[in-house]
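Hello,

Here is the structure I promised to hand over. My notes follow it.

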Amino acid sequence: MSRLSLPHDVTDRLADALRGATFTADGVHALLGTSAHAALGRNESTPAVRAASDGSPLAVLVRLFTLQRPVERGAADRALPGLVEPLAAAGLLAVSGDEVRARVDVRPYGDEDHDWWVVCDLTPGIDASPVEVGPEHVLGISEASSSLARLVARRPVDRALDLGTGCGVQALHLAQHARHVVATDVNPRALDMARLTAQINAAQLNGVDLDVRDGSLYEPVAGERFDLIASNPPFVVSPPDGDRLVYRETGFEGDDVVRRLVAGAADHLTDDGMCHLLASWVHPADGSWQDRLAGWIEHTGLDAWVLEREEVDLEAYTEMWLADSGHRGRPGYTAAYDRWLGWFAEQGIGAMGFGWITLRRAGRTTPSVRIESWDGQVAGPVGPTVLQWAEAHDVTGEVLDHTWTTAPDLVQHTWGEPGAEDPAVITVRLQEGLRRERRVDTVTAGLLSASDGDLTSGQVLGAIATLLDLDPETLKDERRAEVADLVAEGFLVASRA
């Protein structure tokens, strides 16, 4: 694959053309409609082709980039005035006679505050076409990149690192709350696309000049520290004798790339700095994955919160990644499938886990490490939950001697017979981030309702004991561990009074 480069004045004009055509995430959805947009998410383009047929600049850009269909040269010139030739010269478009095709994807992306575009390779497999990806293929927006974006704690920082930047999407997010952003990758094509992504979105980078560097792991930032590190590394675990795709696999053994990122984080974080990893790890056939990851973290001296979102059996894991690389339905698929399963057995791998790892340089003598599985619902960004986790662990001493407040999104549900004096069941549930749910009794419900930052948890429990004619010290002893759990799970958060 050839290198990609555009002058800044061309990317500025490209951004103007995309914005003028309302080629944004919302604009494309409005043009296609909900059902056609959903079909496109399943790699079926026919409904979207029918919807994008009015010849408007937006429809032309949708057909060209989103749907990967050829458009007439005149239509391309109207949608991209004065840009077809320079984009073709740079390798973004291909011109053949009166027909223009996209050679890369310029993909609308954004949130409620931003309309962005990312430069990436074209989506394989549309309309059940064979999946064709080269070793330097650069992914666009994926479930993985969106998941990492939701995880990152969005607080103002000075320096941030996007390790393994790919198309540069994490760097866009980081530039909204960091003064300086470094983006690294081992794939030269990804570095080119990350630079183009930054250039096209220059007006929305808050004056941040993205520093793009070539290299593996922490090598490009040796000796440097950051307030925030975010990484969606190539974490696929596969046999070493297969074809490797740079965006998903490394030359490291098994899940060693994740271990190395964890091990090196302490040397690259400032005091109170955080590192967020979207990762995959091995479940040993004859051991505990929790103990294994705890061993990675033990020598870092960092606080850690590991949240496994999914455990995947090896058959499903193999099928997923062989399909991703285009092996399904082709000669050699069965042999490759068997080779993967045989290699897993040789390595003593029993299953694979996917999830989030957050590390924090808190400077504690005894770091706080929490490793858990969570396959429940997640709503909205998880970053605020991560910040609550950090704040709660900064509160030292006896848990009952501190004032806590209930999480702002906590709601309570009660069930019981109509007319009954007391509810039969009381459940509390968080509405944002990790939507944890917990069944409680009247004492815990009373503790939560009275936790407004004025009284310590011990004082609240003492008052409840008096109301119920119980011994206050006995009740405190009985509930100390539960209060600690309520804090650890985010039902109670540190009071900022």
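A residue counts as buried when its relative accessible area is under 20%. Keep that cut-off in mind for the cysteines below. One caveat before that: this is a predicted model.

Cysteines

Cysteine 120 has a relative accessible area of 0%, so it is buried. Cysteine 167 is buried too, at 2%.

How many disulfides does the structure hold? The count is 0. A disulfide needs two cysteine sulfur atoms within 2.5 Å. The cysteine sulfur closest to that of cysteine 120 belongs to cysteine 167, and it sits 5.8 Å away, too far for a bond.

Helices 17 and 18

Helix 17 covers residues 457–468, and helix 18 covers residues 472–488. Their axes come within 9 Å. They cross at roughly 130 degrees, which makes helix 17 oblique to helix 18. The crossing is right-handed.

Which residues meet there?
- From helix 17: Ser457, Gly458, Leu461, Gly462, Ile464 and Ala465.
- From helix 18: Pro472, Leu475, Lys476, Arg479 and Val483.

By class, this contact has 6 nonpolar, 3 polar and 2 charged residues. Gly is counted among the polar ones.

To recap: the structure holds 0 disulfides, cysteine 120 is buried, and helix 17 passes helix 18 in a right-handed crossing.

Best wishes

Methods: Residues numbered from 1 in each chain as written. Predicted model: local features only at pLDDT ≥ 70, side-chain atom pairs only at ≥ 80, totals over all residues. Heavy atoms only, no water. Axes fitted to C-alpha atoms, helices over the stretch in contact; angles between N-to-C directions. Helix = DSSP H or I, 4+ residues; strand = E, 2+ residues; numbered from the N terminus. Parallel < 35°, antiparallel > 145°, perpendicular 65-115°, else oblique. Left-handed = near helix turned anticlockwise from the far one by under 90°. Contact = heavy atoms within 4.5 Å. Buried < 20%, exposed > 50% of the residue type's maximum accessible area, 1.4 Å probe, protein only.
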